[in-house]
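Open the model in your viewer and keep the selection panel handy. Each stop below gives a selection and what to look for.

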Amino acid sequence: MFKSKQEDLLPVANQGERHIPAVLLVDISGSMAGASIDELNQGLIEFGQALQEDSLALGRAEVSVISFNSEVKTEVGFRPATDYQAPRLAANGLTSLNEAIIEALNAIEERKAQYKEQGVSYYRPWLFVLTDGAPTDTNRESEARNRLQQAIRDKKVVYMPMGIGNADKTKLQSYYPEETKSKIVLQANAVNFREAFVWLSNSIAVVSNSDPTVSDSIELPETPSVITVGI
Amino acid sequence: MAIYYGQYGTKYVTVKQLGAGGEGTVYTVEGYKEIVAKIYKTTKFKDSNERAVMERKLKAMIAMKLPYVVDGVARVAWPQDILYENGMMVGFTMPKIHTKYKIYDIYRGGQQRDKIYPDYNWKYSVQYAFHLAWLVNYLHSYNIIIGDFNQNNIAVNVEAGTIVIIDCDSFDIVDPVTKEHFPCTVGLPEMLAPELQTVGDLRKANFTKSTDYFSLAIHIFRLLMDNADPFGAVIKTAESVSSIPENRAICNGECVYVRDVPGRARPEWAVDPKMLPQEILYLFKKTFDYTALTAMKKIPERTSAYEWCVALLPYAKPEPNPKLKRCPKNRRHVYPAHNSECPWCAKHKQTPRPKPIPGPSPTPKTTNRWWVIIPILGIIAVLAIAYKYYVYDGGSWGGTDTSYDNTQEDETYNDSYYDSEDETYDDSYYDSEDETDEEDSDDYILTDSDTSYITEEDLESLTDREVQLARNEIFARHGRKFDTEWIQDYFDGKDWYVAEYEPEYFDEYILDSEFNNYEKENVKFMADYENTNSN
């Protein structure tokens, strides 16, 4: 099906629990050099810290880190969050954001296939995109945008763009489907990551299992509803 | 630091944040060791009416005077006083629960559970299941319904072996005086009974004792069935999973453990439910055997908390317990006596052990020599002590239980074998990693080290590192894990190796009974050899 670039992925742990696969798509292009790459590396560390603070999420989340500059590279293949270690990345080269998005969606499909095979249930996967948002691989932009928009529409992924430095917010918003009302772009910091995990294990007032035609009328929190901080 | 006042003017000063959840933050309180304060987030209440309802609810709970300590152990974090700031209710105080562990730390297994209970076995899970059922029955006897009965709200007191429910303000209660009903309005979807799954808005839902029974059965199932999800299954048909509502399996009663569900199969990694005693499996059947059509009709059949207590108690009694068996091969495997074969060994065979693959190294290995020299000094010291220990022990391994009783000795013993030497090998290990990978994965360094006495001749052709591995190989054959990462990694790469026992547990309970004389002598022989050659 997909050619796996996720060669070092680890087996699924706690198979009896509902998993949340999360891809961190991180920009290590030349434009990120300096303060931005430090911010990014710090974000990767804070992501790990946020996980450590929530032991339920720690046993359920699965993390993959995919970096992109002139190339797209899987830094950390999907693995239980307990095995996550923040990689330390250096910046140079171009910004293949679009190819990276395609690769991330493929990686998610691949992991999901493993879940299905093993009878592991899962939440809608999270796609964090940490970038300053100026892709150079424009030849693949429409393909990447179409696929991501469709995945969001089909509720196959929760897109969580996080701006780094002077991020091009409009560019990041353009990957949302046009009909999405609040095209949120967050900042990659501990607070926002933590909020995401709080959402995961929180008791909620509205459940979404009724007849699909009925549930459409109920406004469900698409992303962690508590995250409202824009940049 | 913030100041609040209680119902009767008591002053409470919050000091340190202990934790934060979706709806509030918990703090320590100055001058009170046994009380903590929960302060709601400002976003918790939509309007002043919601806040007023919660205030009345808290007052009602306090007025109920629930005995929350039973047999000297706190069972629920029951509200004790209401906290006001400028006359507005902002939170409440509750007893401090001295545990950081939740019920999922017990049913999940793995490192965390081994840390809590190095001698964990299935009976522990049965005991927690019993205590959980007991607590539900206890609360129900006061007409309290838990409602949002999810794993985040269930803490475990690992010393007492009891259950503590920590989020009481969502309980469903009736004011004993005014008879006002305060319903539960939230839930975690994966824990909700089928009749609640279709409600949509839980603020309009009717939580009952029966909905608690449903969640209780899920918790007990996870405890007894090694954390399997009763509604999890491999989907055999070509359905598009994205079109399936999140908890459709609960709505439709797709529990493959109690009935045949078309197009669904029990995951390979899950333990066979026939492992359970018949009467226990029957109680799961009473709760989980329904379909979308019969779900409502079957609500009254659900196993009550009391029934669970009665059924579980015989299995929770201390050994010797005729209801339980211990696996002859693995003393940590405990299971109901009707099984002719050990279900845990069977599960082990079915699921290939995951082979950890080292992740990418985030930072280059430091080559600063200080890090090498300091451990070397440590090793010399440790070896000196270890040597003394051998003299003291008279070189005998048999029946030396008493010599292990002394923790000091025990640590020494441990360190000398596994812990301290690794750093010196750091560099050489990373250099030779490739070489290791090329080795045949089912080979032994010394194939006969468990069936014959080895000689100096056997060791002469080996490098220091190989001798060290050969010595540890004897332990690895019996499934001992290793604290030292590179040693663990090495054995993880062997097909024959099954990492089963935590090092401390192994040394305490397994080593003496499992090692034969060849093995005992060979370990000692190689340790001496290493000792001599390193000086």
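This is a predicted model: local features need pLDDT of at least 70, side-chain atom pairs count only at pLDDT 80 or more; totals for chains, interfaces and linings use all residues.

Residues are numbered from 1 along each chain as its sequence is written, and chains are lettered from A in the order in which they are written.

**Stop 1: chain A overall**

Select chain A. It holds seven helices and six strands; these are DSSP runs, helices being H or I of at least four residues and strands E of at least two, numbered from the N terminus. From the N terminus, the elements run β-α-α-β-β-α-β-α-β-α-β-α-α. Of the 231 residues in chain A, 48% are buried (20 or more other C-beta atoms, placed from the backbone, within 10 Å of a residue's own; exposed means 12 or fewer).

**Stop 2: the sheet**

Colour the strands of chain A. They form an open sheet of six, ordered β3-β2-β1-β4-β5-β6, with mixed pairing. Two strands pair if DSSP finds at least two bridges between them. Which strands stand at the edges? They are β3 (72–80) and β6 (186–187) of chain A; each has a single partner strand, so one side of each is left without a neighbour in the sheet.

Zoom in on β5 (158–163) of chain A. β5(A) and β6(A) pair in the parallel sense over two bridges. A:Met162 has A:Leu186 of β6(A) as its bridge partner.

**Stop 3: a helix across the sheet**

Helix α1(A) lies across β1 (20–27), β2 (61–68) and β4 (126–131) of chain A, at about 165 degrees to β1(A). Axes are lines fitted to C-alpha atoms, for helices over the stretch in contact, and angles run from 0 to 180 degrees between N-to-C directions. Contact means C-beta atoms, placed from the backbone, within 7 Å.

**Stop 4**

Most residues other than glycine have a negative phi. Select A:Asn14, in the segment before β1 of chain A. Its phi is positive, about 45 degrees. Is A:Asn14 buried or exposed? A:Asn14 is buried, with 21 other C-beta atoms within 10 Å.

Now select B:Asn86, in the loop between β7 (81–85) and β8 (88–95) of chain B. Its phi is positive too, about 50 degrees. B:Asn86 is exposed, with 7 other C-beta atoms within 10 Å.

**Stop 5: a helix pair**

Finish on α6 (209–224) and α8 (278–288) of chain B. Their axes are 10 Å apart, at an angle of about 140 degrees. The contact includes B:Phe214 of α6(B) and B:Phe284 of α8(B).

Key. Two residues are in contact if their C-beta atoms, placed from the backbone, lie within 7 Å.
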